[in-house]
Amino acid sequence: MHGGPATREELDRALLSLEDQPGYGLTSEDEVTRLERAAIALQDDELIWRARLLSAEMAGGRGEVAEAMRGMQEVNELAAAHGHTRLLARSHLHLAWTFRDVGDLASCLEHAVKAVELLDDDAPAAMRAMHLIRLADALDDCGSYQEAVLHYEQAEEVAVRAGLVARQVTCLNNRAYSEYLAGDLKRAEATVDRIFEVCRVHDVPLRANTLDTIACIQIALGRYEEALTSIDRAFEVYHALGVLEAMTPAEFLLTRVLAQRKLGDLDGAQRSLDECRALGTSAGLTSVLVRVEQEQAELHAARGDFEAAFHGFQTFHAAEKELVSEQRAAQSKLREAMLETEVVRAEADRLQRLDAYRTHMIATIAHELKNPLTAVIGHLEMMSWIAELPSDGERSLAAMQRNTDRLWGLADSLLELTRLEQTEEPARRDRVDLDAVVAEAVDQLQVVADGDGVRVEHVRAAGENVVLGDAAELHRALSNLVSNAVKYSDPGGTVSVSVERVDDEVVFSCADEGLGISESDQERLFTEFFRSTNGAALDRPGTGLGLAIVQHVAVRHGGRVEVTSELGVGSTFRVHLPAAAD
Ligand code: ADP
């Protein structure tokens, strides 16, 4: 089995090596998925998002622009929200390229500029050089040739200073290509000479795409034989990589067609062109097919078959139109994907506001309930002092007292729950002996337990079992569990509570021999307002808030609650909390 990167450093390195050599089809998708899984296992958000960005880039490579856009946009927003500037810069870089793929050059340039602007002073040289190269490419695509050359120069300087030969060659390659496209053949030739020189001095082989650039420039300079040799070498180097992708070989074939036509090898040119057409058709490369038709028309003309050449040009224009409309469709898909992300974000905002409103409203109502209730409770107590109440009156008074107590309990639980939801951690971090908390809770519940005929057994631990936290919150949570155990027991039952140290945890457990909880109920037990579907349990008064509070308190203290239970046999609740250091 191939093991994944285990530490943050290893994963960071593995991601960096992929980020440093971008190129569709050069990485396996399994590799990216494996890295994302490793990042998830490490629970490191930044690494997870970096892996996601790579897989979005791969989606773009497969031509799934909308999916790519969604992924990039998502990472872009997360990086912005969490201040991960470098990741933000990278996401802009990928966005730039996605827009370029669909022919939206203005948006491409906008993102390429941001990708450079966002780089901090300490950004690695390889990254800085790559971002500068892409900005230069974007400038060139938008027709700013001079500006592009300036940025290629800057990028090259960064690469040279850091001794990054491969990156320097990429600069020179892209620069030579833009000089060639601008018709500046003298400079293009000089740049090609520099490529040869750099590769010779550093003893690095020429890469396939550089050989293609060189071939194009050689053709423009009229050196057709040399061009043919260069393009054949390009194929060799490319095949040696063992990559299965259509765009690059299709581009090379087009260069070969041109060289062969110029050399007068019209049959050879036609064979290369047919090969390219087949490749473009099977991979759905519209932009390649447009150029195939253009080249086909040129080939007919070179043969002197002007009628066929004329039809060929017509086909070329039709294909070009199709390309433009295909790009438009892709652009609107992109916009849709962007809009979708915005809609999802707006929905999340709305839900968050709604949640805040709900919490606020519950807290207000609970608070407002308590004031009149205090008055009612006070008056009821006063009435209970009146000695001569008729027996009916006493019963009514007792019922009123029970029910006001329940209302008071409900308001109190609601207030507590909203308070717990507002912060993630308890306000206090005191040393709390859990056994003492349990003793107090058991003591307070004794009267109720006696009334119900339930025995509560507290097996005290030998030493202290100390946790760090808020004693009042912990008391409330443990009391809720003990009072549930009593409430859902039948007369004659026993409730056993204990606290023990297990490894680095302090574990409180509360076991009863009561009604028990069905498996399906157990799944939803800790949800607010959940009450059992068991009729016998429903007969006993409750709010469905107690266990939600227990869960909040446990999690806030870095712990968890667990339950094991069987209907008709009994239940055991356990609260695991991290033990305080001695
Ligand atoms: P309630 O106020 O209804 O007791 P809780 O949130 O404390 O609210 O509990 C939710 C539900 O879980 C209860 O309605 C009850 O059905 C079930 N439950 C909780 N503790 C026990 C227990 N010890 N034995 C049986 N059922 C229990």
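In these legends, contact means heavy atoms within 4.5 Å. Everything shown here comes from a predicted model.

**View 1. Helix α11 meets helix α13.** Start with the residues that touch: A208, N209, D212, A215, C216 and I219 belong to α11, and their partners in α13 are E251, F252, T255, L258, A259 and K262. Now step back to the whole helices: α13 covers residues 247-262, and its axis lies 10 Å from that of α11, at an angle of about 25 degrees. Angles under 35 degrees count as roughly parallel, and α11 and α13 are therefore roughly parallel to each other. The way α11 passes α13 is a left-handed crossing.

**View 2. Helix α9 beside helix α11.** Look for a left-handed crossing where α9 passes α11. On the α9 side, the contact is made by V169, N173, A176, Y177 and Y180, while α11 supplies N209, T210, T213, C216, I217 and A220. What classes do the residues of this contact divide into? There are 7 nonpolar and 4 polar residues, and no charged ones.

**View 3. Helix α3 alongside helix α5.** These helices span residues 45-61 (α3) and residues 85-101 (α5), and their axes come within 11 Å, crossing at roughly 5 degrees. With that angle, α3 and α5 are therefore roughly parallel to each other. From α3, the residues making the contact are E46, W49, R50, L53 and E57; from α5, they are L87, R90, S91 and H94. By class, you will find 3 nonpolar, 2 polar and 4 charged residues in this contact.

**View 4. Around the ligand.** Which residues come nearest to the ligand? Of the 20 residues around the ligand, the answer is N484, Y488, R531, S532 and L547. Zoom in on R531 to find a polar side-chain atom lying 2.8 Å from an oxygen atom of the ligand. For S532, look to the backbone instead: an N or O atom there lies 3.3 Å from a ligand oxygen atom. G544 also has a polar backbone atom to look for, 3.2 Å from an oxygen atom of the ligand.

Key. Residues are numbered from 1 along each chain as its sequence is written. This is a predicted model: local features need pLDDT of at least 70, side-chain atom pairs count only at pLDDT 80 or more; totals for chains, interfaces and linings use all residues. Side-chain values use heavy atoms; hydrogens and water are left out. A crossing is left-handed if the near helix is turned anticlockwise from the far one by less than a right angle, and right-handed if clockwise. Helices (H or I, at least four residues) and strands (E, at least two) are DSSP runs, numbered from the N terminus. Ala, Val, Leu, Ile, Met, Phe, Trp, Tyr, Cys and Pro count as nonpolar, Asp, Glu, Lys and Arg as charged, and the others, Gly among them, as polar. A residue is near a molecule or strand if one of its heavy atoms lies within 4 Å of it. A polar contact is a pair of N or O atoms within 3.5 Å; within protein, one must be able to donate a hydrogen and the other to accept it, and residues adjacent in sequence count only if both atoms are side-chain atoms. Axes are lines fitted to C-alpha atoms, for helices over the stretch in contact, and angles run from 0 to 180 degrees between N-to-C directions. Angles under 35 degrees count as roughly parallel, over 145 as roughly antiparallel, 65 to 115 as roughly perpendicular and the rest as oblique.
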